[in-house]
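Let's take a walk through this structure together, one spot at a time. Keep the model open beside you as you read.

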Amino acid sequence: KEKVEINREQRALMKAIVDAYNRHQIPQDVAKKLLQDQYSPEENFLLLTEMATSQVQVLVEFTKNIPGFLSLDREDQIALLKGSAVEAMFLRSAQVFSRKMPTGHTDVLEERVRKSGIPDEFMTPMFNFYKSIGELHMVQEEQAILTAITILTPDRPYVKDPQAVERLQETMLDVLRKLCVLQHPQEQQYFARLLGRLTELRTLSHYHSEMLASWRMNDHKFTPLLCEIWDVQ
Ligand SMILES: O=C(NC1CCCCC1)[C@H]([C@@H]1CCCCO1)n1c(-c2ccc(Cl)cc2)nc2cc(F)c(Cl)cc21
């Protein structure tokens with residue numbers, strides 16, 4: 001059995017990413033709001049666009065702290081952010097949904113999201129993903145590095161130098177692999193399962209524009225930042 005060890009450089013990399021991840025949490029707590037009140041589809045849509053707009057700004061700050069990201073070609077930095085924003089939003093939603101909550105709160109939260117205005121046909125893939133993330137019981141470091149790996153996906157549209165992105169992503173993958181072995185010694189395939197969630201995340205994100213367009217309300221308004229980042233309007 002090989003001795004898995006995170007070296008000093010990898011520990012520094014992990015600390016930089018986790019610190020950035022913790023510094024850049026969503027200020028308002030959407031879960032608390034949803035648990036407090038039942039909202040109309042219009043109010044829920046507004047809540048989502050506000051949260052998502054704030055999360056994109058937070059994601060940009062987080063990404064700037066990923067070692068090596070700012071050394072990438074400037075246009076590639078934009079392409080990576082634009083290409084990963086929807087996935088990062090669903091990943092963050094899944095992490096918020098999977099947080100340990102007092103008994104019954106998660107059920108109320110699920111009910112509120114199910115009734116928020118999103119058409120029913122998207123509920124199964126969305127909650128399958130949320131629950132599959134929850135079952136992994138990721139530690140904070142894993143959540144932060146998984147988000148960085150999602151952003152550093154080389155095959156996003158318009159990336160001119162995918163090899164440079166791949167080198168950064170591989171560094172992250174190596175740290176995550178070791179972390180998984182150390183944090184979940186009983187589960188041999190934990191790392192593989194974790195990466196499998198990124199495939200599920202990409203599939204779920206394909207529904208995103210349609211979910212928004214078919215939200216049970218008229219006149220869907222987006223913020224200018226979301227129009228830039230999401231393929232809407
Ligand atoms: O605001 C949301 N997520 C933010 C996004 C930025 C990061 C933090 C989490 C939305 C909610 C949906 C209901 C109405 C209010 O918005 N949301 C989504 C969701 C996101 C995209 C689409 Cl298209 C559909 C649903 N899934 C959620 C799971 C949850 F547990 C909670 Cl608390 C909220 C969740």
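Start at Thr49, which touches Lys221, Phe222 and Leu226, leaving out residues up to four places away in sequence; touching, or contact, here means heavy atoms within 4.5 Å. Before going on, a word on what you're looking at: this is a predicted model, in which local features need pLDDT of at least 70 and side-chain atom pairs count only at pLDDT 80 or more, while totals for chains, interfaces and linings use all residues. Residues are numbered from 1 along each chain as its sequence is written, and side-chain values use heavy atoms, with hydrogens and water left out.

Back to Thr49: you'll find this residue in helix H3, residues 41-64. Helices here are DSSP runs (H or I, at least four residues), numbered from the N terminus. Is Thr49 buried or exposed? Its relative accessibility is 3%, so Thr49 counts as buried. The cut-offs are simple: buried means under 20% relative accessible area, exposed means over 50%, and partly exposed is in between, using a 1.4 Å probe and protein chains only.

Now for some helix packing. Two packed helices are described by the angle between their axes and the distance between the axes. Take helix H4 (residues 74-98) and helix H7 (residues 140-151): their axes are 8 Å apart, and the packing angle is about 150°. That makes the two roughly antiparallel. The axes are lines fitted to C-alpha atoms, for helices over the stretch in contact, with angles running from 0 to 180 degrees between N-to-C directions. Angles over 145 degrees count as roughly antiparallel, under 35 as roughly parallel, 65 to 115 as roughly perpendicular, and the rest as oblique. H4 also passes H7 in a right-handed crossing, a label used if the near helix is turned clockwise from the far one by less than a right angle, with anticlockwise being left-handed.

Who meets whom there? On the H4 side you have Leu80, Ser84, Glu87, Leu91, Arg92 and Gln95, facing Gln143, Leu146, Thr147, Thr150 and Ile151 in H7. Sorted by class, the residues of this contact of H4 with H7 are four nonpolar, five polar and two charged. In this sorting, Ala, Val, Leu, Ile, Met, Phe, Trp, Tyr, Cys and Pro are nonpolar, Asp, Glu, Lys and Arg are charged, and the others, Gly among them, are polar.

Thr150 is buried, with a relative accessible area of 2%. Setting aside its neighbours within four places in sequence, Thr150 is in contact with Ser84, Glu87, Leu91, Arg156, Leu198 and Leu201.

Glu142 is in helix H7 as well, and this residue is buried too, at 0% relative accessible area. Its contacts, apart from neighbours within four places in sequence, are His137, Leu176, Leu179, Cys180, Gln183, His184 and Tyr190. Between the C-alpha atoms of Glu142 and Ser93, which sit 49 residues apart along the chain, the separation is 16 Å.

H4 has another partner to look at, helix H6 (residues 123-134): the axes come within 9 Å and cross at roughly 60°. The crossing of H4 and H6 is right-handed. Among the residues that meet there are Phe90, Leu91 and Phe97 in H4, and Met126, Phe127 and Tyr130 in H6. The contact of H4 with H6 has nine nonpolar, three polar and one charged residues.

Which residues touch the most other members of the largest nonpolar core? They are Phe90, Met126, Ile145, Met172 and Trp230, in a core of 75 residues. H4 gives the most to this core, with 12 residues. A nonpolar core is a set of buried Ala, Val, Leu, Ile, Met, Phe, Trp, Tyr and Cys residues joined through side-chain atoms within 4.5 Å. Ile145 touches Met14, Ile17, Met172, Val175, Leu176 and Leu179, not counting residues up to four places away in sequence.

Let's finish with a few other stops. Leu182, in helix H8, is partly exposed at 42% relative accessible area, and touches Val4 and Ile6, not counting residues up to four places away in sequence. Tyr158 is in the loop between H7 and helix H8 (162-183). Tyr158 is exposed, with a relative accessible area of 74%, and its phi is near 70°, a positive value in a residue other than glycine. Asp219, in the loop between helix H10 (208-213) and helix H11 (224-229), has a positive phi as well, near 55°. At 54% relative accessibility, Asp219 counts as exposed.
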